[in-house]
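Subject: Structure for you to look at

Hello,

Here is the structure I promised to pass on. Please open it first, then read my notes below.

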Amino acid sequence: MTVTIPDEILSSTNISPMEMRIEIAAYLYEKQRMSIGKARRIAGLDLIQFQKELAKRNIYLQLGIEDLESEIRNLKLLQ
């Protein structure tokens, strides 16, 4: 599926198409409508870049129990 934003609307926002993609992706992630993996793909960024964009917007990572357990296992492996 492709979403088209008319040029006159995009130009009225004073942001580039790439910035618009990041804004949409960050919004959908913040509202828990999309996973971080899908949102970063919409934004066209790798995970670290997308996390930096979220931080600029004061959007916190949403970690579930499984995510936290995985992080704990990874930390134990590093010890």
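Start with Leu63. It sits in the loop between helix H4 (47-56) and helix H5 (65-78). Helices here are DSSP runs (H or I, at least four residues; strands are E, at least two), numbered from the N terminus. Leu63 is partly exposed, at 48% relative accessible area. On that scale, buried means under 20%, exposed over 50%, and partly exposed in between (1.4 Å probe, protein chains only).

Two points on the source. This is a predicted model: local features need pLDDT of at least 70, side-chain atom pairs count only at pLDDT 80 or more, and totals for chains, interfaces and linings use all residues. Residues are numbered from 1 along each chain as its sequence is written, and side-chain values use heavy atoms, with hydrogens and water left out.

The surface patch

Leu63 belongs to a nonpolar surface patch with Leu61, Ile65 and Leu68. Together they have about 380 Å² of accessible area. Areas come from the Shrake-Rupley method with a 1.4 Å probe; for residues, only the protein chains shown count as cover. Patch residues have over 30% relative accessible area and no salt bridge; nonpolar side chains (Val, Leu, Ile, Met, Phe, Trp, Tyr) are joined within 5 Å, like charges within 9 Å.

H5 is hardly covered: the count of buried residues among its 14 residues is zero. From first C-alpha to last, H5 reaches 20 Å, close to the 20 Å expected at 1.5 Å a residue. The expected span is 1.5 Å times one less than the number of residues.

The core

The largest nonpolar core has eleven residues: Ile22, Ala25, Ala26, Tyr29, Met34, Ala39, Ala43, Leu45, Phe50, Leu54 and Ile59. Such a core is a set of buried Ala, Val, Leu, Ile, Met, Phe, Trp, Tyr and Cys residues joined through side-chain atoms within 4.5 Å. Helix H2 (17-30), helix H3 (36-43) and H4 each give two or more residues to this core. H2 gives the most, with four.

The buried residues of H2 are Met20, Ile22, Ala25, Ala26 and Tyr29. They pack against helix H1 (7-13), H3 and H4. Just after H2, Gln32 takes a positive phi of about 60°.

Leaving aside neighbours within four places in sequence, Leu54 is in contact (heavy atoms within 4.5 Å) with Ala26, Tyr29, Ile36, Ile59 and Leu61.

The salt bridges

How many salt bridges are there? The count comes to three. The rule is a side-chain nitrogen of Lys or Arg within 4 Å of a carboxyl oxygen of Asp or Glu.

Glu23 pairs with Arg57, with the closest N and O atoms 2.8 Å apart. This pair links distant parts of the chain: Glu23 is in helix H2, Arg57 in the loop between H4 and H5, 34 residues apart. Glu23 is partly exposed at 36%. Arg57 is also partly exposed, at 25%.

Lys56 meets Glu53 in a salt bridge at 3.1 Å, N to O. Both lie in helix H4, three residues apart, about one turn of the helix. An α-helix has 3.6 residues a turn, so residues three or four places apart point the same way. Lys56 is exposed at 62%, whereas Glu53 is buried at 16%.

Glu53 also meets Arg57, at 2.7 Å, N to O. Through shared partners, the salt bridges join Glu23, Glu53, Lys56 and Arg57 into one network.

Best wishes
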